[in-house]
Each structure stands twice: as C-alpha cells, then as structure tokens.
Amino acid sequence: MSDQITTASAATIYIRPELENGVGAAVTGEVMRPISVSEQISNIDSVRKLAALFVVVCLWELYTRFGGINELMFPTFTATATALYDAIVNESLMLNVWNSLKLLLTGYAIGISFAVALVVLAVGSRFGSDLLTTLTAMLNPLPAVALLPMAMLWFGLGSEAIIFTLLHSIIWPVALNTHAGFLGVSETHRMVGKNYSLKGLAYIGKILVPAAFPNILTGLRIAWAFSWRTLIAAELVFGGQVMDTSGNLGAEGSTAGGLGYIIFQNQMESQTSYVFAGLFMVILVGIVVENGVFLNIEERTIRKWGMQQS
C-alpha cells in the first residue's frame, strides 16, 4: 500500500524546463575613466571659491559702473582696488594692520588665559561649574562694544581700554565651548584616564583636551571673529584720537593708528574708495587667519585624527 502511494506521488512531480537567457554576457561597465582637465580643475576647492569671488567682483563692477550709482556713495571695484594698492604702497596700510593685530594678539592671549582658568575651575568643582554657567548666561549676550564707554572711564583713552573690551569677546566663547566639549567626553575616555590614575591637570591635558579639541577649536575661531570685529569697532569709536605704534594715544598721523582709525579718517575726508579699501583689508585679514591658521590646525589635528570629515 505504501509503495503505491510513493509511486503516485512521484508521478505527480513537475520538473520545469531550464530557461536560458539569450541576452549574452553581462556588461560590467567602465571600471576606470580618465578625468578631463576641466573636471580636475573644478575639483580644486580654491579654484571654485576664486571663481565665485570673480563672479561677485564682476557683478560689483557692472552694477556700480552702469547702474547710475554715485561713486561717492558706492565706488567701483576698480577704484577700490586702486585705493587699496595706493594705501599699501604709499600710505603704510600694512603698518596700521600690524598695529591692530598687536592689540588683538595681546587681548587674545590674556582672554584665553582667563578662559582656561575658568574652565579648570569648572571641571574641578561644582561651584566652578555653576560660576561659569552663571557668568556665561549673564555676560555672553552683552555686546562687547557696549563695555567700551566704561572701559574708557576706567582705563582712559589708550590700549588698555580696547584690550579690556576685547577680553569680553574672547573669554566667553572659549570658556563656553571648551566646557561643553569637556562635558561631552565619553565615559570610555574618562575610564581610560581613571585606569591610568590621571588626576587634575594631567587628566585635563591628556584625556579631556584631545577628546574635546573640536569644541575648543570652534571656541577659538568664534573668539577670533568676535574680537576682530570688536577691535575694528573700538578703533572707529575712538575716531579722531590716534594710537601710536605702542598702542597709546598720541599725535595724529596715519601710521600711528590701527585699521579702524584709517577707515574712520577716510570716511571723514569723504574718500569712499579708501573706506572700501579698508573694509576689504579687514576681510582679507579674516580670510588669511581662517585659512592660514585655523584651517591648518584643523587639518593637522581633528581631521588627521578622524574626528571630523574633510
């Protein structure tokens, strides 16, 4: 009986016929294709940025030259470039830039020192953390230029007033971003430090700083941008008063003041092209510092460590 069931079941098995695809061999496509010269050039980041800048410059020149704009109100790019060249060659503009940068670097170093002290105190104790959080919430929204009148009353019309104002633009971005970076360090990194019995400054320098370096670098960048803007604004506020090469107010002369003073002086003399040249120099200094200093640090640290994508 079982043999009959097996035979009947075997007779009902249906075997499908084999199908053969007649398309032919599979095509894998191009594995490697040579890149054209135009594609190689377009892949260069600096070339793309220069091309965008060139478009902006062309639109600026066309608008001011053929748009019926009074050159006293808005000079052409050609006039601005000519004024910039003349100010660098004949008016000692680079010395004015250096006078501003000296004040900025002094305030930057002092501000970072204060920020480091606050962060170390915040990491080491709950009181320090509450103090930093409270001071940041109170003072960080306050514009730095708003402190300039009080700084002038306390320190007089000299470099000390400007440096005091710069400190407000530097301390809080650096301290806030550094403290936030320390709080974001993973428990794995913290356990490594505990396993090596690291404490105090050694724990901060070997564990917290490398792990939080992206936040620290962001704070330094923000502090630089804020302090550079504050410095130019402060020099504009001083106006007719001129700082000598040591940063103190002295006799009038274009080589004695900073970059902000040159902008103010040319504005008073209705030299609009030279005002735009001074503003253009402010932008150039910012670009050089961003790409020559901070971007270089970023490439050698956090991108090299794999903490940030290129």
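Predicted model: local features only at pLDDT ≥ 70, side-chain atom pairs only at ≥ 80, totals over all residues.
Residues are numbered from 1 along each chain as its sequence is written, and side-chain values use heavy atoms, with hydrogens and water left out.

Let me start with the chain as a whole. Its secondary structure comes to 13 helices and two strands, where helices (H or I, at least four residues) and strands (E, at least two) are DSSP runs numbered from the N terminus. The chain has 310 residues, and 34% of them count as buried; buried means under 20% relative accessible area, exposed means over 50%, and partly exposed lies in between, with a 1.4 Å probe and protein chains only. Among contacts between residues at least 6 apart in sequence, 66% join residues at least 24 apart, a contact being heavy atoms within 4.5 Å.

I turn now to how some of the helices pack. Two packed helices are described by the angle between their axes and the distance between the axes. Here the axes are lines fitted to C-alpha atoms, for helices over the stretch in contact, and the angles run from 0 to 180 degrees between N-to-C directions. The axes of helix H4, residues 77-89, and H13 come within 8 Å and cross at roughly 75°, which makes H4 roughly perpendicular to H13. On that scale, angles under 35 degrees count as roughly parallel, over 145 as roughly antiparallel, 65 to 115 as roughly perpendicular and the rest as oblique. From H4, the residues making this contact are Ala 79, Thr 80, Ala 83, Leu 84, Asp 86, Ala 87 and Ile 88, while H13 brings Ser 273, Tyr 274, Phe 276, Ala 277, Phe 280, Met 281 and Leu 284. By class they divide into eleven nonpolar, two polar and one charged, where Ala, Val, Leu, Ile, Met, Phe, Trp, Tyr, Cys and Pro count as nonpolar, Asp, Glu, Lys and Arg as charged, and the others, Gly among them, as polar.

At 34% relative accessibility, Ala 81 counts as partly exposed.

And how do H3 and H4 pack? Their axes are 8 Å apart, at an angle of about 110°, and the two helices are therefore roughly perpendicular to each other. Val 57, Trp 60, Glu 61, Thr 64 and Arg 65 of H3 meet Phe 77, Thr 78 and Thr 80 of H4, which gives three nonpolar, three polar and two charged residues.

Next comes the largest pocket. Rolling a probe the size of a water molecule over the atoms shows where empty space is left. On a 1 Å grid over the protein atoms alone, a pocket is an open set of points where a 1.4 Å probe fits, with protein on both sides within 12 Å along at least five of seven lines, and lining residues have an atom within 4 Å of a point. The largest pocket has a volume of about 350 Å³, the volume being the space filled by probe spheres set on the points, which are joined across faces, edges and corners. It is lined by 14 residues, of which Lys 49, Leu 50, Leu 53, Leu 284 and Ile 287 lie nearest its centre. Helix H3 (45-66) and helix H13 (272-300) each supply at least two lining residues, and the largest share, eight residues, comes from H3. The lining holds ten nonpolar, two polar and two charged residues.

Finally, some single residues. His 179 sits in helix H8, residues 159-183, and counts as buried at 9% relative accessibility. Not counting residues up to four places away in sequence, His 179 touches Val 119, Ala 122, Ser 129 and Leu 132.

Most residues other than glycine have a negative phi. Ser 92, in the loop between H4 and helix H5 (93-124), has a positive phi of about 55° although it is not a glycine. Ser 270, in the loop between helix H12 (259-268) and H13, likewise has a positive phi, of about 60°.
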